[in-house]
Amino acid sequence: MLNVRDLALAVTDPVTGDETAILHGNSFELAQGEALGLVGESGSGKSMTLRCILGIEPEGARVSGDIALDGVDLRGISGERLRRLRADDLALIAQNPHGALNPVLPVGRFLIEGMSDARSLGREAAATRAAELLSDVGIADTERVLRSYPHQLSGGMLQRVIIAGAISGQPKLLLADEPTTALDVTTQAEVVAILDEKRREFGLSMLFVTHDLDLAAAVCDRLAVMKDGRIVEIGTPEHLRDHPESDYTRSLMDARPQLYPAGHHAPDPGPPHIADAEGTGS
Ligand SMILES: Nc1ncnc2c1ncn2[C@@H]1O[C@H](COP(=O)(O)OP(=O)(O)OP(=O)(O)O)[C@@H](O)[C@H]1O
Ligand SMILES: [Mg+2]
């Protein structure tokens with residue numbers, strides 16, 4: 001469904017005029033319903049890869065290569081067509097949920113505005129639908145949350161709201177960029193479990209960016225290991241653990257020997273535990 005060929009990106013320093021290569025011609029594919037993890041150290045180009053797919057690369061960037069979503073060349077379309085495709089087919093779940101939410105609007109408005117059929121639904125039906133979306137991602141007191149402004153909710157709660165909104169549009173592709181790094185560890189596990197569960201329920205494809213190999217192995221079918229703007233290797237977590245091709249992958253894997261004893265699968269993130277801890281929080 002997603003096909004990336006020879007994706008390269010270079011940025012020019014506005015002051016010196018020097019051009020720096022950031023991505024060096026990467027190729028990968030994502031099948032319908034598949035989750036692919038992009039893993040690698042800070043600065044390896046994970047976020048830039050997502051930005052290229054979304055068409056939001058930095059000012060002055062030069063991009064080459066092909067990015068196709070279900071056969072549509074994302075780099076070949078523009079204007080209204082691109083805007084529509086982004087709104088309908090792609091959903092970004094970023095590290096900081098605050099950035100995705102308008103601080104002066106209650107989160108209910110965010111969810112309702114994201115519904116493509118909000119107008120035809122009418123006010124009441126849209127509000128009911130928004131409440132359903134929230135309870136779907138494990139939020140119990142939906143009425144309070146719908147009325148709340150982003151600053152009144154915890155990061156974990158907000159990230160659930162973002163996931164609810166992302167799923168509701170039934171996008172073709174979820175792009176998740178370190179979606180839980182800003183959260184505390186318990187909340188991280190809950191939010192990842194919800195994302196994983198919903199993604200599977202709706203059969204959505206996902207590109208999951210993280211530098212947490214364990215997390216990536218737990219939620220992704222395959223991992224693409226990135227280093228210095230290059231994808232050095234792609235494979236299932238088990239394959240990369242047992243038969244790493246590159247020294248870099250081996251060193252990543254060796255750094256966490258106890259996590260996947262040979263012959264064992266990645267840990268199941270388990271069912272979401274919502275009602276406790278943060279669900280009733282302020
Ligand atoms: N706006 C920008 N303009 C120019 N170069 C940038 C810009 N943003 C990032 N870079 C550079 O692009 C490279 C890749 O950055 P990217 O943000 O994709 O890394 P990353 O793998 O997502 O790292 P992290 O794990 O820290 O988020 C880095 O060398 C970074 O310095
Ligand atoms: Mg990043």
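Is Gly55 buried, exposed or partly exposed? Select Gly55 to begin the tour: it is partly exposed, because 17 other C-beta atoms lie within 10 Å, where a residue counts as buried with 20 or more other C-beta atoms within 10 Å of its own, as exposed with 12 or fewer, and as partly exposed in between, the C-beta atoms being placed from the backbone. The model on your screen is predicted, and for that reason local features need pLDDT of at least 70 and side-chain atom pairs count only at pLDDT 80 or more, while totals for chains, interfaces and linings use all residues. Residues are numbered from 1 along each chain as its sequence is written, and chains are lettered from A and ligands numbered from 1 in the order in which they are written.

**Around Gly55**

Gly55 sits in the loop between α1 and β4 (61-69); helices (H or I, at least four residues) and strands (E, at least two) are DSSP runs, numbered from the N terminus. If neighbours within four places in sequence are left aside, Gly55 is in contact with Leu74 and Leu82, contact meaning that the C-beta atoms of two residues, placed from the backbone, lie within 7 Å.

**Ligand 1**

Next, select ligand 1 and show its surroundings, which include Gly43, Ser44, Gly45, Lys46, Pro58 and His211; a residue is near a molecule if its C-beta atom, placed from the backbone, lies within 6 Å of it. Helix α1 (residues 46-54) supplies the largest share of this shell, 3 residues. Coloured by class, the shell shows 4 nonpolar, 7 polar and 1 charged residues, where Ala, Val, Leu, Ile, Met, Phe, Trp, Tyr, Cys and Pro count as nonpolar, Asp, Glu, Lys and Arg as charged, and the others, Gly among them, as polar.

**Helices α7 and α8**

Move on to helix α7 (residues 155-168) and helix α8 (residues 185-202), which pack at an angle of about 10° with their axes 10 Å apart; axes are lines fitted to C-alpha atoms, for helices over the stretch in contact, and angles run from 0 to 180 degrees between N-to-C directions. The angle makes α7 roughly parallel to α8, since angles under 35 degrees count as roughly parallel, over 145 as roughly antiparallel, 65 to 115 as roughly perpendicular and the rest as oblique. Among the residues making the contact are Ile163 and Ile167 of α7 and Val191, Ile194 and Leu195 of α8, and the residues of this contact divide into 6 nonpolar, 3 polar and 3 charged.

The buried residues of α8, including Val192, Ala193 and Asp196, pack against β3 (35-39), α7, β7 (173-177), β8 (205-210) and α9 (213-219).

**Two loop residues**

Finally, select Gln170 in the loop between α7 and β7, where phi is near 45°, a positive value in a residue other than glycine. Glu178, found in the loop between β7 and α8, also has a positive phi, of about 45°, although it is not a glycine. Gln170 counts as partly exposed with 13 C-beta neighbours inside 10 Å, and Glu178 counts as partly exposed with 18.
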